[in-house]
Amino acid sequence: MDLAPFKLDIDELLDDYAKENCTSFTDFKRVWMAKKFSYIFEGRPKTNSGVFMQSLFLHCIGHMTSQSSLLQRLPGLYCLYCLYECQPYKPHYKIYLSLEESKKLKDFVIEAKQNGLALVPALVKRMLDKGMFLFGFINLLGDNEAKEVDEMNASQNKRVKFACDKLFANTQIGSYTHTDLGVEFELDSIKKLSMDYAKAKESAFAEASQTVDVEDAKHILQNDKLLGDKVEEIVKEWDAQKEEFYQKTGVSPHDELAVVDNDESGEFHDENETDAFDELEQLLLE
């Protein structure tokens, strides 16, 4: 996936805004709309949508947390907000923000307040209130971005698996999700019996037609779906729904949904991370 053209488009947008020597979000929105920048999503890849969006977010975060002047970093925040709000995906992909990047965001907000840019803390607070951020520990601005994105995805998949284990613990859901409906219904036997019945019915009508008038009863021989075919459709629909469930939850057909000790949930929490994010939100409320 070549994302260089998308990043160049973002660079050009931010440069055009910087040339106007503006600081307001209204002016940034005007530049965005003048360039019809929402069309950036028209060229989005059909796969790896999450990696695509995180790469755009990450590029904006790189601008926002760079060593450039405040006025040069400001459009990085504006662009980050607009990319989130304008993305075509439902639900929206959240903006991944590492602990290190959240600290830089805090410093950015402090500097903006000191320079009279009241919109910056207000905008960041709005982004926090709307739950736009996905906080974590992995810093994606290093040299191994692709590897670290994979690590982040693996971490998220682990969280989903953990949630599934907790949800299915001590319930019958697990047995239902692994049920082979074709085996439960003995589909092969039903199909054979329904076929034998259809043949017997045709044979009986053929014999009866030689001695009596069966014209009024011919509708019974109409080529309706056999019972076996109807049951087979139900089985296929069940299998399709199971496959969709597997894809959405990350559970595989062969996974055993086991009970997980409550103590294991501790690995998904950290006091330092919570304190850092609470400190950032408290700053915005001052």
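Tutor: Start with a term: buried means under 20% relative accessible area, exposed over 50%, and partly exposed in between, with a 1.4 Å probe and protein chains only. The model is predicted, so local features need pLDDT of at least 70, side-chain atom pairs count only at pLDDT 80 or more, and totals for chains, interfaces and linings use all residues. Residues are numbered from 1 along each chain as its sequence is written, and side-chain values use heavy atoms, with hydrogens and water left out.

Helices are DSSP runs (H or I, at least four residues), and so are strands (E, at least two), numbered from the N terminus. Now take H5, residues 99–114. Its 16 residues reach 23 Å from first C-alpha to last. That is close to the expected 22 Å, where the expected span is 1.5 Å times one less than the number of residues.

Which residues of H5 are buried? They are Leu99, Glu101, Ser102, Leu105, Phe108, Val109 and Ala112. Seen down the axis of H5, they fall within an arc of 165°, so they line one face of the helix. The arc is that of the directions from the helix axis to the C-beta atoms. An α-helix has 3.6 residues a turn, so residues three or four places apart point the same way.

Now look at Val120. Contact means heavy atoms within 4.5 Å. Leaving aside neighbours within four places in sequence, Val120 is in contact with Phe108, Val109 and Ala112, and also with Leu74 and Leu77.

Last, see what comes after the helix. H5 is followed by Gly116, whose phi is positive, near 75°.
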